[in-house]
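Reader: I have a sequence and a structure to look at, and I would like to go through them by asking questions. Please keep the answers plain.

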Amino acid sequence: MPAVNNVLVVGAGLAGAATAIHLAKAGIAVDLLEIKPDIAAIGSGITLQGNALRELRSLGVWDQVQAAGYAFDVTGIRAPDPHGTVVAEIPDARTGGPDLPAAMGMPRPELARILCERATEVGVKLRYGTTHTGLAQDEGGVDVSFADHSTGRYDLVVGADGVRSWTRRALGVNLETRSVGMGIWRAFGPRPASVTRTDLYYGGPSYIAGYCPTGEDTLYAYIVEDAQDRSALSPDEQLATMKQLSQAYHGPWDEIRETLTDPSRVNYTWFETHVLDEPWNRGRVVLIGDAAHTCPPTIAQGGAMALEDAVVLAELLVERDVLDQDLWDAFHARRYQRARTVVDASNQLAQWQLDHVQGDIPSLMRSVAILTSQPA
Ligand SMILES: Cc1cc2nc3c(=O)[nH]c(=O)nc-3n(C[C@H](O)[C@H](O)[C@H](O)COP(=O)(O)OP(=O)(O)OC[C@H]3O[C@@H](n4cnc5c(N)ncnc54)[C@H](O)[C@@H]3O)c2cc1C
């Protein structure tokens with residue numbers, strides 16, 4: 001008998017969808033609540049590291065992910081010079097194991113669609129376009145009220161509702177999310193044939209310019225600058241700003257720049273960070289993924305950490321037969337320090353760039369690769 005019979009998962013992102021799939025596969029009744037009316041509507045791309053791919057495979061979606069994404073095993077480092085000169089080609093660690101690629105680019109909506117279809121297939125009840133409005137727990141369960149005036153009682157509530165978690169707020173958890181000091185322009189568009197892996201351009205007028213192939217026909221490109229208030233810009237002005245910043249970068253960027261024509265595919269956001277001290281649960285409500293820890297995407301590990309939280313939590317809930325302190329201790333022992341180490345490393349990389357300091361990036365990347373190569 002698993003430790004729980006019915007679970008409410010709040011948020012159908014990577015953490016929430018993965019939790020829901022694993023629990024439902026084990027025969028647990030799962031409601032998956034998503035505030036957006038359609039999660040697969042729009043979005044940019046995501047870089048999934050090998051350890052994220054390992055967890056996606058455990059969900060039973062590897063074939064679909066592989067078919068939709070674009071795998072690569074080397075990251076290029078290019079100079080911000082007139083030729084976009086390649087200065088290094090660094091083999092990426094295969095953190096998911098030798099039988100999985102080191103990294104894969106994916107369109108986010110496609111990944112969301114694959115996960116939600118899998119959730120439905122294994123019996124998860126997906127509820128779009130609504131949220132919870134009240135949580136009240138006692139020894140035996142959590143009473144939940146919903147925005148559509150329905151109610152439910154669950155053995156466990158999993159708050160996987162992202163960086164600004166509503167569930168975290170409902171628990172009264174006081175967590176300050178801090179701006180890292182960087183903002184990122186991202187654009188989604190067609191992939192020129194010359195883009196077959198991620199290349200990073202360090203320096204020039206921005207901190208980083210880069211791109212990642214997300215499929216045979218698509219990529220996302222990005223430019224990282226000092227965080228600033230860009231909210232007054234119209235979509236056309238946003239597009240023009242990103243194009244203008246990209247002028248310093250050449251090689252494949254020259255082709256990418258030409259394809260930057262659709263303002264609706266350009267977006268700007270700040271890098272933010274936080275780590276919630278353990279415990280991540282308050283009784284029968286637990287926070288996972290970005291709700292508990294958020295890192296800037298400098299090593300592209302946020303998605304992997306969210307998936308790992310989900311897999312470890314679900315594994316413990318299925319293997320144990322009581323939801324007790326022992327279970328929570330085991331969960332935190334496997335998740336807290338690992339997630340904190342990854343967040344700290346991601347912040348360190350950002351800080352070196354903000355301070356214009358030549359940090360020991362190879363050694364930092366090596367230590368993260370050693371850690372994340374071990375299954376969570
Ligand atoms: C600019 C940027 C680039 C990034 N690039 C990468 C990358 O390349 N690789 C990588 O691994 N990570 C990347 N990350 C980090 C990654 O996106 C996150 O770590 C990951 O998405 C976290 O997953 P999650 O499921 O915890 O949260 P989310 O993906 O945020 O999902 C939360 C879900 O909860 C829903 N929700 C929110 N509130 C409610 C509510 N009240 N009720 C119901 N549902 C709700 C949301 O709509 C959403 O669907 C990036 C982050 C940023 C900001």
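Predicted model: local features only at pLDDT ≥ 70, side-chain atom pairs only at ≥ 80, totals over all residues.

Reader: Which residues of H10 are buried, and what arc do they cover around the axis?

Author: Buried means under 20% relative accessible area. In H10 the buried residues are Leu364, Val368, Ala369 and Thr372. They lie on the same side of H10, because the arc they cover around the axis is only 135°.

Reader: How far apart are the end C-alpha atoms of H10, and what span should its 13 residues have?

Author: H10 runs over residues 361-373. At 1.5 Å a residue, its 13 residues should span 18 Å. The distance between its end C-alpha atoms agrees with this, since it is also 18 Å.

Reader: Where is His356, and is it buried or exposed?

Author: His356 sits in the loop between helix H9 (325-354) and H10. Its phi is near 55°, a positive value in a residue other than glycine. The cut-off for exposed is over 50%. His356 has 65% relative accessibility and therefore counts as exposed.

Reader: Which residue has a polar side-chain atom 3.3 Å from an oxygen atom of the ligand?

Author: Backbone atoms can be set aside here: a backbone N or O atom of Ala15 lies 2.9 Å from a ligand oxygen, and a polar backbone atom of Ala300 is 3.4 Å from a ligand oxygen. The protein covers 85% of the 1000 Å² of accessible area that the ligand has on its own. The residue with the polar side-chain atom at 3.3 Å is Tyr220.

Reader: Where is Ala300, and what is its phi?

Author: Ala300 is placed in the loop between strand S20 (293-294) and H8. Its phi is positive, in a residue other than glycine. The value is near 50°.

Reader: Which two residues does a cis peptide bond join, and what is omega?

Author: The bond joins Glu278 and Pro279. Pro279 belongs to the loop between strand S17 (266-275) and strand S18 (281-282). For this cis bond, omega is about 5°.

Reader: Is Ala18 buried or exposed?

Author: Ala18 lies in helix H1. Its C-alpha atom is 26 Å from that of Glu176, 158 residues away in sequence. Its relative accessible area is 0%, so Ala18 is buried.

Reader: What is the separation of the C-alpha atoms of Asp138 and Asp236?

Author: Asp138 is in strand S9 (residues 132-138) and is partly exposed, with a relative accessible area of 38%. Asp138 and Asp236 are 98 residues apart along the chain. Their C-alpha atoms are separated by 52 Å.

Conventions: Residues numbered from 1 in each chain as written. Heavy atoms only, no water. Polar contact = N/O pair within 3.5 Å; in protein donor to acceptor, adjacent residues only side chain to side chain. Areas by Shrake-Rupley, 256 points an atom, 1.4 Å probe, with all protein chains shown as cover. Helix = DSSP H or I, 4+ residues; strand = E, 2+ residues; numbered from the N terminus. Expected span 1.5 Å × (residues − 1). Buried < 20%, exposed > 50% of the residue type's maximum accessible area, 1.4 Å probe, protein only. Arc of directions from axis to C-beta.
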